[in-house]
Amino acid sequence: SLAHVRAWMGQCPRCPLHQGRNKIVFGAGPEDARVMFIGEGPGQQEDQQGLPFVGPAGQLLDAMLAAVGLERRQVYITNIVKCRPPNNRDPQPGEVVACRPFLEAQVRLIAPAAICALGRPAAQALLASEAPIGRLRGRWAEALGVPVLPTYHPAYLLRSPEAKAMAYADLKALVRGPES
Ligand code: URA
């Protein structure tokens, strides 16, 4: 179960991010969620609360979910690293690798019908790609046997609202599913 995975993680010391964290942000949502969102890493408010996407980016994510008829309580939300990178820098490759077993266990247990990768670091890590997010977004790919649709990160959309229309189109495609 997800509780077992969380217990296995414990007070994880497997990468340097543990030194600066307040709380591990494991993930939130039902174990039988059909859609999973995977972001980059906890920000300040997430690190304080121990919950994913509760700060400004999370509020925009909620609005985007609502716009395509999804509610947060239906979906599972987590990040490629579970501890906050200092000053919200991108997670480093070694940090992503150290955290990967937990992400993989979450994906295998939840076995969602689709994953939405939020932003470049999540999309590149899941797809083992170095392509820019502008190339990856809106195109179905696959990771761990699950269809993956990358889109822009909501924190990027807060800075670049002109990209919101593309993200909404991606979320509509996410809800329609990989076969459509
Ligand atoms: N940004 C992320 O990538 N993840 C969070 O949980 C919050 C902000």
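How does the radius of gyration of the protein agree with that of a compact globule of 180 residues?

**View 1. The overall fold of the predicted model.** A compact globule with 180 residues would have a radius of gyration near 16 Å, and the protein has 15 Å, which agrees. Along the principal axes, the C-alpha atoms of this predicted model fill a box of roughly 40 × 35 × 30 Å. The secondary structure comes to eight helices and five strands, and, read from the N terminus on, these elements follow the order α-β-α-α-β-α-β-α-α-β-β-α-α.

**View 2. The pocket and the residues around the ligand.** The ligand takes up the space of the largest pocket. Around the ligand stand G39, E40 and G41, together with E46, P52, F53, N79 and H153.

**View 3. Polar contacts between the protein and the ligand.** From the backbone, an N or O atom of E40 lies 2.9 Å from an oxygen atom of the ligand. From the side chains, a polar atom of N79 lies 2.7 Å from a nitrogen atom of the ligand, while an N or O atom in the side chain of H153 is 2.7 Å from an oxygen atom of the ligand. On its own the ligand has 240 Å² of accessible area, and the protein covers 92% of this area.

Technical notes: Residues are numbered from 1 along each chain as its sequence is written. This is a predicted model: local features need pLDDT of at least 70, side-chain atom pairs count only at pLDDT 80 or more; totals for chains, interfaces and linings use all residues. Side-chain values use heavy atoms; hydrogens and water are left out. A residue is near a molecule or strand if one of its heavy atoms lies within 4 Å of it. A polar contact is a pair of N or O atoms within 3.5 Å; within protein, one must be able to donate a hydrogen and the other to accept it, and residues adjacent in sequence count only if both atoms are side-chain atoms. Accessible areas come from the Shrake-Rupley method with a 1.4 Å probe; for residues, only the protein chains shown count as cover. On a 1 Å grid over the protein atoms alone, a cavity is a set of points where a 1.4 Å probe fits but cannot get out, and a pocket is an open set with protein on both sides within 12 Å along at least five of seven lines; lining residues have an atom within 4 Å of a point. A molecule sits in a cavity or pocket if more than half of its atoms lie within 2 Å of its grid points. Helices (H or I, at least four residues) and strands (E, at least two) are DSSP runs, numbered from the N terminus. The radius of gyration is taken over C-alpha atoms; the globule rule is 2.2 Å times the number of residues to the power 0.38.
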